[in-house]
Amino acid sequence: MKTILRIGLLAGAVIFAAIYGGTTYADEVQLQTPKYQLNKETIVRGGIFFAQNCLACHSMKYIRYNRLATDLGLDKKFITRNFMTPKGAEYLRAMKTAMPPELAARWLGATPPDLTLAARYRGTDWIYTYLRSFYWDPDTSTGWNNHVFPDVAMPNILFSYSGTVDDKGQVIKKASYNSQEYDQKTTDLIAWMRYTSDPSIIVRRQIAPYVIGFLVIFTILAYLLKRAYWRDVH
Amino acid sequence: MSAKQDKDEKDSESETLDRKELSKRRFLTAATAAVGTAGIGVVAVPFVKSLEPDAAASAASVVTVDISGIPPGGHITTSWQQKPLIIVRRTPEMLATLNQVTAMLKDPDNKVPQQPSYAQNIYRSRKPEWLVMMQVCTHLCCSPAYDPEKGSVTPTWLGGFFCACHGSRYDLSGRVMHGSPAPTNMVVPDYTFIDGEKSVQITGLEKKSKLC
Amino acid sequence: MSDKRGFWVWINERLPVSGFLKASMTEYYAPKNFNFWYFFGSLALLVLVMQIFSGIFLLVHYYSSADQAFDSVQGIMFDVKWGWLVRYIHTTGATMFFLVIYLHISRAYLYGSYRKPRELLWIFGWIIYILLMAEAYLGYVMPFGNMSYWGGEVITAIIGAIPGIGDWLVSIVRGGPAFGGATLTRFMAWHVAFIPLLLIVIVVLHLVALHTVGSNNPDGIEISKKLNADGRPLDGIPFHPYYTVKDIYGVGVFLTLFAIVVLYAPTLHGLIIESDNYIPANYLQTPPDVTPAWYLSPYYAILRSIPEKGLGIAMLGLSIILPFFLPWLDRCPAKSVRYRPVYFVMLILLAISLLVLGWIGLQPANPALLPYARVALAVYFGFFILLPIISKFEPVRPVPERVRS
């Protein structure tokens, strides 16, 4: 009993430290937490949107197209049609943009960073809020600015979903889609980026119940064995 | 005397308790050991698998070669998995010689599986014009020279490959000739044509084939 | 049957296997009252073995050059079959190593396991702890992410504060004008070969020192003082089978928790792998907070709480060196906290000060927290400075002759 309480206390301390101890970025902008399910449907939807709207500039250089087949249960045809958008894409090779980085820097003002690990680096809250914080700013070269990332060189790719707002939040041009679809598009992107930053999450969640279940059985057996011997003592 | 009797009684009591306890301990020890060993065995699997060629190595094994610039009668040599690969665009005259050398060949019908099934013909290729082959002598792994010129290696030479290391000779489809120390025809890898005949993509080797 | 016995006879004629097993396990008597705090020695050994195994399998795929290191680690995570598992086991193992070690050290504080005749045992243990901190720091540099780089840069700069030879030491640690590729390759030599070998040697010495004097116990009394007719300690039980069996149960609990972390929360929200290490080293861009891993954070808090560079580093060094002297600072006739109510309060304060320092060390630099860090620092040092005096005069409850169950 005492041991279980002690372990519980320890676990609680670890969880407390995990939540409050890690590095977070304190911004003036309040970061919103996306509400989404992480499953194959949301990841694939997000991935298709990414391939069609983001892959032109942002590579995902650690994700090979063929791993989408094993991780997400897709076939080669589907992947070729929906994901392999850049010119020169090869099935066994990674999701790279067709845009040469030096030219990208010249055309866009900065080289669009590789986004494979972005969800781990920035955090999903940051990316979600960032995607939804674009506002119209005639002083920038693209006409877009962002509350979360001031003077960012990236334009608002999602403008048809978000509509065009000014820095106070006033709507200049309405969105072509409703807010539900806007929410879904952004959360799907988050799901996709969450997946790419650590694709092992799919296998981990699949095997976890078996591994932990096995270890619990082992621990119980070991405890019974211990108790059988320790009857001698005391 | 009575103390000894008491002691004996106690001993026999504890003996029966011990026997039950003993078998329980033995069972639990065996069970825990078995489960533990099984666990270690299962955990060892991913560690061993991590030593297998990774996705990068598998991807590197797929190579695309641009053949659009080869004229008829021409060839290019390149490498695949650090081994020499030759692609020859054979002319009709060269293809005609393939039927003339049958008696000189150890395995004219490609019975030994040194090529994919679509290459089990006298051309040893998908399309008669194109030879795609690993330029590795099946004797001891040297790279045989490509000698298409008639009469170049011997006065009756119709064209093929000659290995300078130990004198193995092959025809223009890489089939080994009698009198050569090499035992089998040179290996034709698994390949496909891309974009009509603009490039060839090498994807691997037939499982049973042996380079050298 | 006789074949098997013959085989063992053959072996024992050439290698003292049976004798060794008897002396160290079946006829080595340990106190029978070991409690929760006594699991962590064997668990530390388990984690050491796990780290060596997972480390070797990582080494197969890792490239230690400045431009390839980061990508090779991502290659392990994305391309190597089950590479993510090997890597997460290694990173989780590093954090678990410190969790286990801190609990292991706590036991020593609680029950006076550092007291005579176990001073050398304590010293070896503290050396292991310091080597472990170095090993963990070097290991964190390996992926050469941005935090690896900047953490590496900062800590190698600390070495420069050593008077006289400081700059020269920094140059041999860095291998160049700044932290870079030359640093990475030598760090790998130390992380992979030098320190693990040292660790193994000192762990062996630690275990031999333990077996020479026998284990302490929660009551702090020497069980060797009360022997039975056969010369065995009355309060002792043979290590095998009793403690082998108990430790295996402890291993089961530990591995279950370990698996939960590896499979459900391998980065523990930035506590194990910080988010800044998910971008490659960038010499021009310092992360907003260059904080070390949680297990080094109390020392970081100590460093940050002192505004003067030299003094801060001196205090940092002192805080790590002071515990070496513990066996001679504690002069109470009783060893265990069970019989020392004043020492109990001191330990609580020490624990709180370390937890406070640890938490502060993880926060971004914040002037509002400085007073708390300084108070905690004062409590930490106060423990060691006041112990010699307090332990001489503190009230001691009557210590029993035999262990309490």
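**Figure 1. Helices α3(C) and α5(C) are roughly antiparallel to each other.** The model is predicted. The axes of the two helices, α3 (residues 40-59) and α5 of chain C, cross at roughly 160 degrees. An angle over 145 degrees counts as roughly antiparallel, and therefore α3(C) and α5(C) are described that way. The two axes come within 9 Å. The crossing of α3(C) and α5(C) is left-handed. By class, the contact between α3(C) and α5(C) is made up of 15 nonpolar, 7 polar and 2 charged residues. Two packed helices are described by the angle between their axes and the distance between the axes.

**Figure 2. Chain C touches chain B.** On the chain C side, 11 residues are in contact with chain B. On the chain B side, 10 residues take part. Helix α5 (residues 83-111) of chain C gives the most to the chain C side, with 3 residues. Sorted by class, that side has 7 nonpolar residues, 2 polar residues and 2 charged residues.

**Figure 3. Thr156(C) sits in helix α7 of chain C.** The helix spans residues 146-159. Thr156(C) has 20 C-beta neighbours inside 10 Å and so counts as buried. The cut-off for that class is 20 or more. Leaving aside neighbours within four places in sequence, Thr156(C) is in contact with Val170(C), Val173(C), Arg174(C) and Phe179(C). One of these, Val173(C), is 17 residues from Thr156(C) in sequence. The C-alpha atoms of Thr156(C) and Val173(C) are 7.1 Å apart.

**Figure 4. Three strands of chain B form an open sheet in the order β1-β9-β8.** Pairing in this sheet is antiparallel. Strands β1 (63-66) and β8 (190-194) of chain B stand at the edges. Each has a single partner strand, so one side of each is left without a neighbour in the sheet. From one strand to the next, the twist averages 25 degrees. Strand β9 (residues 199-204) of chain B pairs with β8(B) over 5 bridges, in the antiparallel sense. For Ile194(B), the bridge partner in β9(B) is Ser199(B).

**Figure 5. An open sheet of chain B has the strand order β5-β6-β7.** The sheet has 3 strands, with antiparallel pairing. At the edges stand β5 (145-147) and β7 (169-170) of chain B. Each of these edge strands has a single partner, so one side of each lacks a neighbour in the sheet. Strand β6 (residues 160-162) of chain B is joined to β5(B) by 3 bridges. These two strands run antiparallel. Tyr146(B) has Phe161(B) as its bridge partner in β6(B).

**Figure 6. Pro112(A) lies in a loop of chain A.** The loop is between α5 (101-108) and α6 (118-121) of that chain. Pro112(A) has 19 other C-beta atoms within 10 Å and is partly exposed. Not counting residues up to four places away in sequence, Pro112(A) touches Cys57(A), His58(A), Ala104(A) and Met154(A). Ile220(A) is 108 residues from Pro112(A) along the chain. The C-alpha atoms of Pro112(A) and Ile220(A) are separated by 53 Å.

Methods: Residues are numbered from 1 along each chain as its sequence is written. Chains are lettered from A and ligands numbered from 1 in the order in which they are written. This is a predicted model: local features need pLDDT of at least 70, side-chain atom pairs count only at pLDDT 80 or more; totals for chains, interfaces and linings use all residues. Helices (H or I, at least four residues) and strands (E, at least two) are DSSP runs, numbered from the N terminus. A residue is buried if 20 or more other C-beta atoms lie within 10 Å of its own, exposed if 12 or fewer, and partly exposed in between; C-beta atoms are placed from the backbone. Two residues are in contact if their C-beta atoms, placed from the backbone, lie within 7 Å. Ala, Val, Leu, Ile, Met, Phe, Trp, Tyr, Cys and Pro count as nonpolar, Asp, Glu, Lys and Arg as charged, and the others, Gly among them, as polar. Axes are lines fitted to C-alpha atoms, for helices over the stretch in contact, and angles run from 0 to 180 degrees between N-to-C directions. Angles under 35 degrees count as roughly parallel, over 145 as roughly antiparallel, 65 to 115 as roughly perpendicular and the rest as oblique. A crossing is left-handed if the near helix is turned anticlockwise from the far one by less than a right angle, and right-handed if clockwise. Two strands pair if DSSP finds at least two bridges between them.
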